[in-house]
Amino acid sequence: MRIILFTGKGGVGKTTTAAATAIQCAKEGQKTLIISTDPAHSLSDAMDMDLAPEPIEVSTNLWCMEFDVYYSMKKYWGSMKEMMNAIFKFKGVKDVIAEELSVLPGMEEGAAFLWLEKFYREKTFETIIIDSAPTGETLTLLSLPQVIKSWMTKAFPGQRFAIRTIGKVVRKTTGVPLDKGYDEMQDLFDKLELIQEVFLNPEITSIRIVANPERMVVQEAKRSYSYLQLYGYNVDAVIVNRVIPQQDNVWLNGYIEKQAEYLDEIEESFEPIPIFKVPHQGKEVFGVALLEQIGATLYKDRKPSDIFLVEKPIEVETIENGYRVKMKIPFIKESDFKLRKFGDELIIEINNRRKNMFLPKFANYMKLDKHSFEAPYLTIDLIKE
Ligand SMILES: Nc1ncnc2c1ncn2[C@@H]1O[C@H](COP(=O)(O)OP(=O)(O)OP(=O)(O)O)[C@@H](O)[C@H]1O
Ligand SMILES: [Mg+2]
């Protein structure tokens, strides 16, 4: 089975390119599902049809689903929320606060994970395409199992066996089935853990970053690439959407020139990740026919469900007083360069040219110590200020 998740800044064309990819996979004969996890529900607009919060077959081999938090919460998380609520009340937390606390951070996104776990376990589809909400939310979604684990340890420092034992006592004295609830919760965590493993397996899951040749978008694409790498997810392609074709038009010439610069920057920064370009269509894109056209040219002669690359360009290890970060930097060819750091941004100066890379978020609180370079890997030590 293959899972391909499309991520990128708001409005870059995630839904468009994800739908185009799904249509293409279905045409090749794979039983394909495209699931949109974006609450804005733009997949139905892009496909120009009504969709539902469960998979529906829209054409041969192609299934579409628009994930709905409330629908899914009712279906999957309802009982768990009740149970958490009961635990908090049992621990003496006031009603209103218990109600608040029992909504886990990231629980909404978690419900989307549970759907994927179900499809994975039941082998319902050969290819699942995920059209996600803009970058920030996707990263939360992807780090959810870790978030839940840390939340659990904070909420229940006594750990699980204690809850189970207390649960039995509580059930005997009050009739609240706390221990049963705990098993249910454990089951949910097992599911989340399984699906996270699936997401981390590069043989199954690929992340595709969608970008436009524009300054802010390129910056965000680079930053999210670093974070995705850090979490251990495999990015196998970058899709540059809305590339304006070269043509002589006084009004657009400056823009096209600038765009060419950003395209160079993208090629340089993401090498060796394959980069696919989608031209600006000159009109709004919606409806299956136009999406099909985009899908047919998007991957050139490659199969859209292939794994285009497996790489691990960022590695982090702990050192005394900080971290050692080893990064692949394709654009440094010689060892003569200067390094500076602003927040989580690493500025690399090579012969009066400036390049930037994004470091993991924790770099904000650290300073640059030593570095060494052995092409194409740059190793830097970040230590506490
Ligand atoms: N290649 C293209 N040429 C012309 N218009 C495009 C192209 N790709 C996308 N669009 C248009 O740009 C708009 C945004 O595209 P889309 O909805 O796919 O972006 P998105 O990244 O999913 O946005 P959001 O972050 O809101 O989910 C849509 O109106 C779409 O029709
Ligand atoms: Mg979208």
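Which residue in S8 stands opposite Ile239?

Reply: Ile239 stands opposite Phe276 in S8. The model is a predicted one, and that applies to everything below.

Strand S7 covers residues 235-243, and strand S8 covers 275-279. S7 and S8 run in the parallel sense where they pair, and five bridges join them.

Next, step back to the sheet. S7 and S8 belong to an open sheet of eight strands, and its order is S3-S4-S2-S5-S1-S6-S7-S8. The pairing in this sheet is mixed. Strand S3 (56-59) and S8 are the edge strands; each has a single partner strand, so one side of each has no neighbour in the sheet. From one strand to the next, the twist averages 25 degrees.

Helices lie across this sheet. Helix H10, made of residues 253-270, lies across S6, S7 and S8. The angle between H10 and S7 is about 180 degrees. Helix H1 lies across S1, S2, S3, S4, S5, S6, S7 and S8, and H1 runs at about 170 degrees to S5.

The shell around ligand 1 has 20 residues, of which Gly13, Lys14, Thr15, Thr16 and Gln281 come nearest. Two elements give two or more residues to this shell: helix H1 (14-27) and S7. The largest share, three residues, comes from H1. Sorted by class, the shell holds six nonpolar, 10 polar and four charged residues.

For comparison, here is another sheet in the model. Four strands form an open sheet in the order S9-S10-S15-S14, and the pairing there is antiparallel. Its edges are strand S9 (314-319) and strand S14 (366-374); each has a single partner strand, so one side of each is left without a neighbour in the sheet. Neighbouring strands of this sheet are turned by 20 degrees against each other on average, with direction ignored. S9 pairs with S10 (residues 322-328) in the antiparallel sense over six bridges. Within that pairing, Glu317 has Arg324 in S10 as its bridge partner.

Key
Residues numbered from 1 in each chain as written. Chains lettered and ligands numbered in written order. Predicted model: local features only at pLDDT ≥ 70, side-chain atom pairs only at ≥ 80, totals over all residues. Near = placed C-beta within 6 Å. Nonpolar A, V, L, I, M, F, W, Y, C, P; charged D, E, K, R; others polar. Pairing = 2+ DSSP bridges. Axes fitted to C-alpha atoms, helices over the stretch in contact; angles between N-to-C directions. Contact = placed C-beta atoms within 7 Å.
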